[in-house]
Amino acid sequence: MSAALLVLVAGCTDADADAGSSSDGGTTSGGTASSPVAAEPGGGLTVVADEDPVAQAVTTSRALFESSPVAVLVRADDRAGQLLGASAAVGLGVPLLVEPARGGGAEPAEELDRLGVDVVLAVGEAEGPDDGPEVRSVPADVAAVAGATGLSLDEEQAVPSDGDVAAVAELDPDGPVALRPEDAEAPEDGVDAEELPEFDRADPVEGVVLLAGDDASPAAVATGRAAGARVVTVSGSTDPRASADVVEALSDDDAETVIAVGAGLGAEQGLDWKVATAATGTELPGGGQLLFPGRMMVALYGFPGSGALGVLGEQPVDAAIQRARDTAAPYDALVEPPVVPAFEVIVTVASEVAGPDGNYSTESPIETVWPWVEAAGAAGLYVILDLQPGRTDFVAQAELYRPLLELPHVGLALDPEWRLAPGEVHLTQIGSVGVEEVNRVVTWLADLTRERSLPQKLLVLHQFRLDMLPGREDLDLSRDELAVLIHADGQGSQASKQETWRTLRQGAPEVAWGWKNFYDEDAPMLTPEQTIQQVLPTPELVSYQ
């Protein structure tokens, strides 16, 4: 599915609506047909950003219907009418419009005219327009609505006060249930109603997914179902990457067009590329497309093939994968989110000599690292590439490993301890990196992530002294493509490590946090139980060196 096109639709004019309509409507042998607009090849994203349910219903109708000889009308303050009207509209395959609580209203009247409606079914307290199409009024009564529509509506469903949109989203156009408020009185029997004139229901639209935000109206959702769109409710977060249901729906091979309904979704920054990312269906190790909250990572740190730089390289790759799993396993019973084993691989190693390029850093050939990254991904591990750049800059070194960072399970770590200023050498000075350079990495990595429609990437900033990241209060946290994490790398006694933890967190920006356990340098090293009990708040990443 492609969602590169973002069309913001909120209170558009008839001219706007006509410009985006197809011309496939018409009549069939049984009479005039309602005409859902077919999804355009290649699709796109339309945002219905209206807050007012009256306007929202109209805009959704314009997005999905070219014409309809019949429409259902309900009143904004009549919940019983809205629920039963939704059942009727979905069963008939026609738009559901809403008139204001005071009655009347120019917007629904204009939409009825645009659709070419001949007959309005006004359910419940709705009155309908004074001029224009014929209005047939029925109470919010199952028998009356069934008689008017010819729908069986044999099965009823009581809807709790917070369940209107979810209930409407589940309506089956081929056999809708009769929705009613949970606390409503039982419907009367035997109410007579004149049946609507016969018309043929048009074929449902194909490849359309309607995302219903927390502030989507039942009427807009009903119109989506009436047209044949698949409706997925988006609750809690307006980021489509945060919902497994949304990712599953958008990554379906048939999904071509997305209609996002609700002011909250309309206000979501970057909704277009987030929809495109969700549509890939690609998930992170541990599931989902967003990193935190939702998982805890436990990583082995080091350099492949050498135990001198950490435990990762003390064994071959297959044994390292098993060791990472074994190291992460005790945390499963200690924390609520899934625990994901990980590698933190040093790909550029600080050097005591300048080397041929004079940067005091040895860059590993990508061919050396690739088998470890590939094997880890196949085994469900996350991988973090660690940079120790010496006198060069972090972006220049990160660019060397772009092909690896284009993989969905690979993130990046910056090690300021090993970032030298001109004239400095390792082990004589402790390095540092200014926030300007870090923000250049943020921009570079976020752009790569967006361009490749990748799940959220982890950017780790190692720190054990405040002067290692000067200006960190200006850290760019605006890029939702990334989850930024500060990793406390202090070693030694637990009292000193806790003091480092407290100092680093004081006045820190709103980031995720990581903690490192050292096998040899800590006195003593915390057990998994102690790590969870003593390191508070609980870190999202615990690494072992």
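The entries below go from the whole chain down to single residues and pairs.

**Entry 1: ground rules.** I am working with a predicted model, so I kept to its cut-offs: local features need pLDDT of at least 70, side-chain atom pairs count only at pLDDT 80 or more, and totals for chains, interfaces and linings use all residues. Residues are numbered from 1 along each chain as its sequence is written, and side-chain values use heavy atoms, with hydrogens and water left out.

**Entry 2: the whole protein.** I began with secondary structure and found 17 helices and 24 strands. Here helices (H or I, at least four residues) and strands (E, at least two) are DSSP runs, numbered from the N terminus. Taken along the principal axes, the C-alpha atoms fill a box of roughly 90 × 45 × 40 Å.

Next I looked up burial, and 55% of the 545 residues are buried. Buried means under 20% relative accessible area, exposed over 50%, and partly exposed in between (1.4 Å probe, protein chains only). The accessible surface comes to about 21800 Å², and carbon and sulfur atoms own 47% of that. Those areas are from the Shrake-Rupley method with a 1.4 Å probe; for residues, only the protein chains shown count as cover.

I also checked contacts (heavy atoms within 4.5 Å). Of the contacts with a separation of 6 or more, 75% are between residues 24 or more positions apart.

**Entry 3: charge.** How many positive and negative side chains are there? I got 29 positive and 91 negative, with the centres of the two sets 10 Å apart. Lys and Arg count as positive and Asp and Glu as negative, while His and the chain ends are not counted. Each charge is placed at NZ of Lys, CZ of Arg, CG of Asp or CD of Glu.

I then found a negative surface patch made of E51, D52, E107, E110, D113, D214 and D215. Patches take residues with over 30% relative accessible area and no salt bridge; like charges are joined within 9 Å, and nonpolar side chains (Val, Leu, Ile, Met, Phe, Trp, Tyr) within 5 Å. I picked out E107, which sits in helix α4 (residues 106-115) and is partly exposed at 33% relative accessibility.

Entry 4: I looked for cis peptide bonds and noted one between F292 and P293, with omega about -10 degrees. P293 is in the loop between α10 (271-280) and β16 (296-302). Another cis bond runs from A523 to P524, with omega near -10 degrees, and P524 is in the loop between β23 (512-517) and α17 (528-534).

I noted positive phi in L153, a residue other than glycine, with a value near 50 degrees. L153 lies in the loop between α5 (142-149) and β11 (156-159), and L153 is buried at 3% relative accessible area. S453 also has a positive phi, near 50 degrees; S453 is in the loop between α15 (435-451) and β21 (457-463) and counts as buried at 19%.

**Entry 5: a buried strand residue.** Is I384 buried or exposed? I384, in strand β19 (residues 382-387), is buried at 0% relative accessibility. Leaving out residues up to four places away in sequence, I384 touches F343, E344, V345, G411, L412, A413, L458, V460 and L541. I also logged H409, 25 residues from I384 in sequence and 8.5 Å away, C-alpha to C-alpha.

**Entry 6: salt bridges.** Side chains of opposite charge can pair when their charged atoms come close. Searching the whole structure gave 21 salt bridges, each a side-chain nitrogen of Lys or Arg within 4 Å of a carboxyl oxygen of Asp or Glu.

R136 pairs with E194 at 3.5 Å between the closest N and O atoms. This pair links distant parts of the chain, 58 residues apart: R136 is in strand β10 (residues 134-138), and E194 is in the loop between β12 (178-181) and β13 (208-212). R136 is buried at 15%, whereas E194 is exposed at 56%.

R419 and E437 meet at 2.9 Å, N to O. R419 is in the loop between β20 (410-414) and α15, and E437 is in helix α15, 18 residues apart. Here R419 is buried at 14%, and E437 is buried at 8%.
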